[in-house]
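Visitor: I have a structure open and want a quick tour. Can we go through it piece by piece?

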Amino acid sequence: MRHSRMMLAVAFATMLTACNGQNEVKNESNDNGMLETIMTRTSIRKYTDQPVEKEKIEAMLRAGMAAPSAVNKQPWHFVVVTDKEKLSGLATANPNAGMAARAPLAIVVCGDMTKALEGGGRAFWIQDCSAATQNILLAAHAQGLGAVWTGTYPNEERVHAVADVLKLPDTLIPLCTVVIGYPAEQPEPKDKWKPENVSYNEFGNQE
């Protein structure tokens with residue numbers, strides 16, 4: 001009986017070791033895949049006519065909502081635009097978003113002032129919605145889509161123009177328009193690594 005228990009314990013320990021080894025390989029693979037997505041993402045401004053599937057749109061929205069936010073306020077609202085007339089309107093409202101007129105999809109990331117912090121922390125909505133936007137861009141790239149971030153806020157003229165196109169209430173401020181579609185171009189990702197932009201422990205110390 002004792003011998004059987006020992007054999008069982010050894011077998012169990014071996015199984016745990018094997019599982020842990022598999023998990024380490026899997027985690028390393030996931031980490032590499034995540035870094036690959038980040039490092040190979042680039043702005044895409046030309047798209048095919050293929051529509052973006054609803055499940056992929058939802059995946060991008062879920063990624064956006066997974067972003068961190070100050071005090072977990074989640075002060076965002078996402079307007080999904082697939083209507084060609086509205087896409088053309090966004091292209092007119094923002095000169096930098098001219099490609100929207102030829103795209104199948106745009107997601108306008110808005111700050112919801114009814115959810116924003118009060119007082120001195122109110123402007124944190126900009127950081128929160130920017131984090132959500134970056135998540136959307138990465139989720140788009142991970143799903144084989146191309147996307148580009150086009151800024152709206154704080155340009156008041158663009159803010160009002162985009163708000164008019166989408167009939168936004170005064171409580172929603174459009175931060176940016178993410179134009180999305182299946183890529184019709186394959187630009188090379190830029191290597192933006194610059195050691196001179198990094199200091200360690202204090203400014204100017206480039207260890």
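Guide: We start with the overall make-up, then turn to some of the helices. Keep in mind that this is a predicted model.

Visitor: How many helices and strands in the protein?

Guide: Five helices and four strands. Along the sequence, the pattern reads α-α-β-α-β-α-β-α-β.

Visitor: What share of the residues is buried?

Guide: Of the 207 residues in the protein, 37% are buried.

Visitor: And the accessible surface, what does that come to?

Guide: About 13,100 Å². Carbon and sulfur atoms hold 55% of that surface.

Visitor: Contacts next. Of those between residues at least 6 apart in sequence, how many join residues at least 24 apart?

Guide: The share is 76% in this protein.

Visitor: Let's do helix packing. At what angle do H2 and H4 cross?

Guide: Roughly 145 degrees. H2 covers residues 54–65 and H4 covers residues 124–142. Their axes come within 7 Å.

Visitor: Right-handed or left-handed crossing for H2 and H4?

Guide: The crossing of H2 and H4 is right-handed.

Visitor: Which residues make that contact?

Guide: H2 supplies Ala59, Met60, Ala63 and Gly64. H4 supplies Ala132, Asn135, Ile136, Ala139 and Ala140.

Visitor: How many of the residues in the contact of H2 with H4 are nonpolar, polar or charged?

Guide: Seven are nonpolar, two are polar and none is charged.

Visitor: Switching to H3. Which of its residues are buried?

Guide: H3 spans residues 84–93, and Leu87, Gly89, Leu90, Ala91 and Ala93 are buried there.

Visitor: What caps the N-terminal end of H3?

Guide: Asp83 does. One of its side-chain oxygens sits 3.1 Å from the backbone nitrogen of Glu85.

Visitor: Now Leu166. Where is it?

Guide: Leu166 is in helix H5.

Visitor: Why does Leu166 count as buried?

Guide: Its relative accessible area is 14%. The cut-off for buried is under 20%, so Leu166 qualifies.

Visitor: What does Leu166 touch, leaving out residues up to four places away in sequence?

Guide: Val79, Val81, Leu90 and Val108. Leu90 is also one of the buried residues of H3.

Visitor: How far apart are Leu166 and Val79?

Guide: They are 87 residues apart along the chain, yet their C-alpha atoms are separated by 8.1 Å.

Key
Residues are numbered from 1 along each chain as its sequence is written. This is a predicted model: local features need pLDDT of at least 70, side-chain atom pairs count only at pLDDT 80 or more; totals for chains, interfaces and linings use all residues. Side-chain values use heavy atoms; hydrogens and water are left out. Helices (H or I, at least four residues) and strands (E, at least two) are DSSP runs, numbered from the N terminus. Buried means under 20% relative accessible area, exposed over 50%, partly exposed in between (1.4 Å probe, protein chains only). Contact means heavy atoms within 4.5 Å. Accessible areas come from the Shrake-Rupley method with a 1.4 Å probe; for residues, only the protein chains shown count as cover. Axes are lines fitted to C-alpha atoms, for helices over the stretch in contact, and angles run from 0 to 180 degrees between N-to-C directions. A crossing is left-handed if the near helix is turned anticlockwise from the far one by less than a right angle, and right-handed if clockwise. Ala, Val, Leu, Ile, Met, Phe, Trp, Tyr, Cys and Pro count as nonpolar, Asp, Glu, Lys and Arg as charged, and the others, Gly among them, as polar. A polar contact is a pair of N or O atoms within 3.5 Å; within protein, one must be able to donate a hydrogen and the other to accept it, and residues adjacent in sequence count only if both atoms are side-chain atoms.
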